[in-house]
Amino acid sequence: SFCTLLQRLAFMASVSIPDVEPALPDEVELETIYCRISREVLIDPVIAPDKFVYERSVLQRWLETKSISPMTRQPMSMDGVMPCYVTRHCVRAWKKHVAENAGAGPANPAGAQAASKKNAPRIQSKLLENMRKLSLKLPELGITSVPKPCIAVVGQQSAGKSTLLEVLVGVALFPRDAEVCTKMRIRAVLERSDGDSWTEAPTIRIVPTDPVAAASATTPRHQYPPELPFDYLPEVLRNIMDDVVGDNGGFVTDREIEVTIKAPFGMQLEIVDLPGLPGADGSPHHADAERLIKMTIAQLRDVASFVWVHDVSQEFHSSSIGSILQAAGVLDRTFGV
């Protein structure tokens, strides 16, 4: 079963992850980094009421004379225009990549594509391999409809959750750094592509943590630049998170970053990375982190398996996370690593 597969997580740290060279589209599309009016690389991108992304100053000049959307031709004003954090940091990462790889830019799309192939994502792991085998076996047992598996990872701050996730998926998806603290929920939705090779760049959006509000959200999905190596994704997500959190330095409990990735591997899978719980009840923002963890467990208790990542010396029943999981009644769905 899927839960049985999860029990192997503790032994996966030594798994060798081979490099894979997936094929990218022949044509490199740079639509994700250009303003739709000026056709110049974005500097201060904003998302307008028409759900398209523009350079702020260019859109302002456009609306001063035309008062309609450049794309839909419907009436529009600067009211409701919001900063587009996702595009901002995708563009900045792309500029950084171009600076680090001379010749890999709009003037030389072949160079950009070659650099992307060189650093293509290595989405391959023992768990996903086993899940693929399981998905092929289920129809033989007469099981044709299976809910998408979901794993939520919980633990104290700096417990190593992101490291475990890298082993689980086989590629770095989540922000991970000694100086980085996860401050909002990040959900990775892994979807199987129709083909047998890498065909599409990830999409990123910010949605409410409330499932009902998220289901009805009209927030557009912003495409990660196809020509930007996958290795930049954790940095992009970290910078988006920092912008959403802002200057208060606390935890964001009402929104999450959703990353959807299509890649050629077995069953679909959702992974939810949560902020680590600060060490002491009196720590700054401890209450916010605890509230987000409890809320997520309540939302996912019927659909997810929970992985508690902890120090080897930490006892489950004497830990704050253990108490939260026990109170939520999900011990039969929890694995300790």
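Analyst: At 42% relative accessibility, Ser67 counts as partly exposed, because that class lies between buried, under 20% relative accessible area, and exposed, over 50% (1.4 Å probe, protein chains only). Ser67 sits in the loop between α2 (56–65) and β3 (82–83); helices (H or I, at least four residues) and strands (E, at least two) are DSSP runs, numbered from the N terminus. Its phi is positive, about 60 degrees, although Ser67 is not a glycine. Most residues other than glycine have a negative phi.

The model is predicted: local features need pLDDT of at least 70 and side-chain atom pairs count only at pLDDT 80 or more, whereas totals for chains, interfaces and linings use all residues. Residues are numbered from 1 along each chain as its sequence is written, and side-chain values use heavy atoms, with hydrogens and water left out.

Lys51 also has a positive phi, near 75 degrees, and is a residue other than glycine. Lys51 belongs to the loop between β1 (45–47) and β2 (53–55) and is partly exposed, with a relative accessible area of 41%. Another partly exposed residue is Arg192, at 46% relative accessibility, which lies in strand β5 (residues 184–192). Arg192 and Gln268 are 76 residues apart in sequence, yet their C-alpha atoms are 5.9 Å apart in space.

Turning to the cysteines, Cys35 is buried at 0% relative accessibility, and Cys84 is buried as well, with a relative accessible area of 3%. The closest cysteine sulfur to that of Cys84 is in Cys90, 8.5 Å away and therefore too far for a bond. The structure holds 0 disulfides, a disulfide being a pair of cysteine sulfur atoms within 2.5 Å.

Helix α9 (residues 286–300) and helix α10 (residues 320–328) have axes that come within 10 Å and cross at roughly 35 degrees; axes are lines fitted to C-alpha atoms over the stretch in contact, and angles run from 0 to 180 degrees between N-to-C directions. In α9, Glu290, Ile293, Lys294 and Ile297 meet Ile321, Ile324, Leu325 and Ala328 of α10, where contact means heavy atoms within 4.5 Å. These residues divide into 6 nonpolar, no polar and 2 charged; Ala, Val, Leu, Ile, Met, Phe, Trp, Tyr, Cys and Pro count as nonpolar, Asp, Glu, Lys and Arg as charged, and the others, Gly among them, as polar.

For the whole protein, there are 10 helices and 11 strands, and 47% of the 337 residues count as buried.
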